[in-house]
Amino acid sequence: MLTKTEAFDAVDVIRIKRDGGRIPDPMIDWVIDAYTRGVVTDEQMSALAMAIFLRGMDREEIVRWTMAMMNSGERLNFSKLTKPTADKHSTGGVGDKITLPLAPLVACFDVAVPQLSGRGLGHTGGTLDKLESIPGWDPNLDSQQIFEMLENGPGAVICAATSGLAPADKKLYALRDVTATVDCIPLIASSIMSKKIAEGTSALVLDVKVGSGAFMRELDQGQKLAETMVALGEDAGVKTSALLTNMSTPLGLTVGNALEVRESVEVLAGGGPEDVVDLTVSLAREMLRLAGKDDVDVRAALSDGRAMDRWNQMISDQGGDPFAPLPVAKHQEQIVAEESGYLSELDAWGVGICAWRLGAGRTRQGEAVQAGAGVEIHAKPGDAVKKGDPLLTLHTDTPERFKRSIEALDGAIKISSDRPTDVPQIILGRAFGSDN
Ligand code: URA
């Protein structure tokens, strides 16, 4: 409820943006703070988020909004570490397990990786859900434990963001998810960067996904989002750059929690699908470059077992058993090729929705996910297939889910008689800060 001590009225803030104006800085600071305190209601913030979605924000407005969200909570400080820090953030995709091999890989080169991660919502997977399929693994660490793992342990840590980090974003992100205001550049950029700046990393590489399985479907939109976030990071003193990467088809050959952990371990063992390895290595090189270490052989640390040693230590330091068998879903069903030819399309959105409906993701916050559920991929765009060949294996504990999951694949699989010539590259573009 509005009290006499409040500096502004939410209705005035909404009206300014509704009419296409620029929200003055003191109003931005107030509305974020008052929303965090519960004085501005969800209804009012929904209206404001929709006004921002429709009217946009200018550069200074986005900066102020981001800083206000960051200031809504605590800020971690890793300045006492004896090594540089580097972090990676993906805008979210299908089969995107890259954080799992990437964090221990970068740590092999004496760069600390504080990877504070989230859960999946909708069709995109979440790193914590994936790791929780490892028996015993606990995502919750306090800042002292994070510091210890970075300084004296494996050098990399993947854990849940502490509840005090950008609480305004926690509330606002949940609200955007149910008010169709997620895919909006000022709101995505400020949401991601408020958390990343609060995490206290000195270098940050953004993996901006582009394609049907991403929030940004078109390359020019992805480029705009990447440039907006890089500028926000640089303004806050964080060395920031971005790779724009292909999310028109799932990454790798697995989508789903335990399935993706299994594939990540294959990468750490020196194997794994080419696209996952290439993206992991590209992001690692970029993180190391920003951290001042560009003269290292990244691939060697995958093939000689150093990254795997770091992974094993990282998982066991958080109570997990890296050698325990991973959960397997109770039921499987195969999708086969209906004709012979070349797989010309395997649409990330369709496969993501399919995995989600199988139980790999949640429909409401707080819901449990199935560790073994998901999709195994047997052919990727460009591969030759014969009629009857298995294309996908669907996994779930609850077979009644198969019907709706298979419906999600309608139109997602295309087979052509000619070999497709335009199979897109994994890296589509880059965005750099002015001094890196
Ligand atoms: N990830 C986030 O953290 N926030 C967004 O708005 C979108 C993706």
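Start with the shell around the ligand: its biggest contributor is helix α9, residues 185–198, with four residues. Helices here are DSSP runs of H or I with at least four residues, strands are E runs of at least two, and both are numbered from the N terminus. Who surrounds the ligand? The residues are T91, G92, Y173, V182, L187, I188, S191 and I192. Near, in this case, means that the C-beta atom, placed from the backbone, lies within 6 Å of the molecule. By class, the shell has five nonpolar, three polar and no charged residues. Nonpolar covers Ala, Val, Leu, Ile, Met, Phe, Trp, Tyr, Cys and Pro; charged covers Asp, Glu, Lys and Arg; the others, Gly among them, are polar.

Two housekeeping points. This is a predicted model, where local features need pLDDT of at least 70, side-chain atom pairs count only at pLDDT 80 or more, and totals for chains, interfaces and linings use all residues. Numbering starts from 1 along each chain as its sequence is written.

Now the domains. Domain 1 covers 10–56, domain 2 covers 87–324, and domain 3 covers 331–416. Those bounds come from an automatic or database domain assignment. The C-alpha centres of domain 1 and domain 2 are 30 Å apart. Eleven residues from domain 1 and eleven residues from domain 2 make the contact. Contact means C-beta atoms, placed from the backbone, within 7 Å. On the domain 1 side, α2 (25–37) and α3 (42–55) are the elements giving two or more residues. The largest share, seven residues, belongs to α3. That side of domain 1 splits into seven nonpolar, three polar and one charged.

Stay with α2. It packs against helix α4, residues 59–70, at about 35°, with the axes 9 Å apart. Axes are lines fitted to C-alpha atoms, for helices over the stretch in contact, and angles run from 0 to 180 degrees between N-to-C directions. Which residues make the contact? From α2 we have D25, I28, D29 and I32; from α4, E61, R64, W65, A68 and M69. That gives five nonpolar, no polar and four charged.

Next, the sheets. One is open, with four strands in the order β1-β4-β5-β13 and mixed pairing. Pairing requires at least two DSSP bridges between two strands. β1 (87–90) and β13 (427–432) each have a single partner strand, so one side of each has no neighbour in the sheet. Neighbouring strands are turned by 20° against each other on average, ignoring direction. Inside, β4 (residues 203–210) and β5 (residues 239–246) run parallel, joined by eight bridges. There, L204 sits opposite T240 of β5.

The other open sheet also has four strands, ordered β6-β9-β11-β7, and its pairing is antiparallel. At its edges are β6 (254–255) and β7 (331–336), each pairing on one side only. β6 and strand β9, residues 374–377, run antiparallel and share two bridges. V255 has V375 as its bridge partner in β9. Last item: helix α15, residues 348–360, lies across β6, β9 and β11 (390–396), at about 135° to β9.

Over to you.

How values were computed: Contact = placed C-beta atoms within 7 Å.
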